[in-house]
Amino acid sequence: MVEATKKILVLYAHPSQERSEINKPLFDATQHQHNVTAVDLYAEYPTFRINIDKEQQRLIEHDVIVFMFPLYWYSTPAILKEWQDLVLEYNFAYGADGNALKGKTFLCAISAGGSETAYQHDGYNSFTLRELLSPLEQTACLTGMTYLAPFALFCARSAFEENRLQSHIEDWQRVLTALSNDTLDIAHASTLPKLNENLLTLIKD
């Protein structure tokens with residue numbers, strides 16, 4: 001058995017969890033993973049008064065940072081943007097002395113209502129999912145983190161009825177374990193359209 005070496009921070013943002021069929025079960029499963037700190041931002045900060053020092057310390061203490069959220073209007077839910085605006089300060093996350101995140105790994109775990117074909121240049125949404133997430137990819141670049149392709153579930157509204165949810169959760173658990181054990185092929189994972197594409201080829205023996 002490979003000993004866990006990487007600590008993972010999962011920041012979960014869903015403004016209406018009572019209606020969540022995908023993200024809430026995914027987050028619940030995440031909380032039971034070894035070496036993972038799972039934070040429900042809306043539960044922790046219901047008034048959006050984010051504790052900057054606490055969140056920065058969390059970032060310092062972890063090796064892998066994950067944003068988990070449903071894609072809302074091609075972006076993150078509001079609290080996750082608020083978190084970025086407040087926590088990723090100059091001379092902490094970037095700037096002359098801002099190297100706190102340098103060398104860490106960053107990725108997003110996302111659900112999208114549309115089909116994967118809708119997220120193409122000739123599709124309904126005109127851009128790929130990775131292109132729509134380019135502000136987050138550039139955030140990783142600016143702060144010195146390695147950006148991985150998103151772990152994504154398309155057609156999320158029908159995933160439960162079509163019995164795709166459990167396999168998605170199991171794939172996510174494999175990703176977390178591989179990240180924790182440092183057995184995920186980071187170089188390959190950073191180039192894909194989505195992380196859960198040929199997942200078995202990404203996890204090293």
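1. Let's start with the rings: a search of the whole structure finds nine aromatic pairs. Rings of Phe, Tyr and Trp (its six-membered ring) count as a pair if their centres lie within 6.5 Å, with planes under 30 degrees apart called stacked, over 60 edge-to-face and the rest tilted. One of the pairs is Y42 with F48, whose ring centres are 5.9 Å apart and whose planes stand at 65°, so this pair is edge-to-face. Y42 is buried at a relative accessible area of 17%, while F48 is partly exposed at 27%. Here buried means under 20% relative accessible area, exposed over 50%, and partly exposed in between (1.4 Å probe, protein chains only).

2. A word on the basis of all this: the model is predicted, so local features need pLDDT of at least 70 and side-chain atom pairs count only at pLDDT 80 or more, whereas totals for chains, interfaces and linings use all residues. Residues are numbered from 1 along each chain as its sequence is written, and side-chain values use heavy atoms, with hydrogens and water left out.

3. Next, please look at F106 and Y147. Their ring centres are 6.0 Å apart with planes at 40°, so the pair is tilted. This pair links distant parts of the chain, 41 residues apart: F106 sits in strand β4 (residues 105-111) and Y147 in strand β5 (residues 146-147). Helices (H or I, at least four residues) and strands (E, at least two) are DSSP runs, numbered from the N terminus. F106 is buried at 3% relative accessibility, and Y147 is buried at 7%. Ring pairs also join F106 and Y147 with F67 and W83 in a cluster.

4. Where does A38 lie? It is in strand β2 (residues 36-40), and it is partly exposed at 25% relative accessible area. Beyond its neighbours within four places in sequence, A38 is in contact (heavy atoms within 4.5 Å) with V10, F27, T30 and Q31. A38 and F27 are eleven residues apart in sequence, with 7.6 Å from C-alpha to C-alpha.

5. Helix α3 (residues 52-61) has E55, Q56, R58 and L59 as its buried residues. Seen down the axis of α3, they fall within an arc of 155°, so they line one face of the helix; the arc is that of the directions from the helix axis to the C-beta atoms. The cover over these buried residues of α3 includes β1 (8-12), β2, α2 (41-44), β3 and α4.

6. How many salt bridges does a search of the whole structure find? It finds nine, counting a side-chain nitrogen of Lys or Arg within 4 Å of a carboxyl oxygen of Asp or Glu. E116 forms one with K194, the closest N and O atoms being 3.4 Å apart. E116 lies in the loop between β4 and α5 (129-132) and K194 in the loop between α8 (186-189) and α9 (199-202), so the pair ties together parts that are 78 residues apart in sequence. E116 is partly exposed at 31% relative accessibility, but K194 is buried at 14%.

7. Another salt bridge joins D171 and R174 (2.6 Å, N to O). Both lie in helix α7 (residues 165-181), three residues apart, about one turn of the helix. D171 is partly exposed at 24%, as is R174 at 39%. Finally, E44, K54, E55 and R58 are linked in a network of salt bridges.
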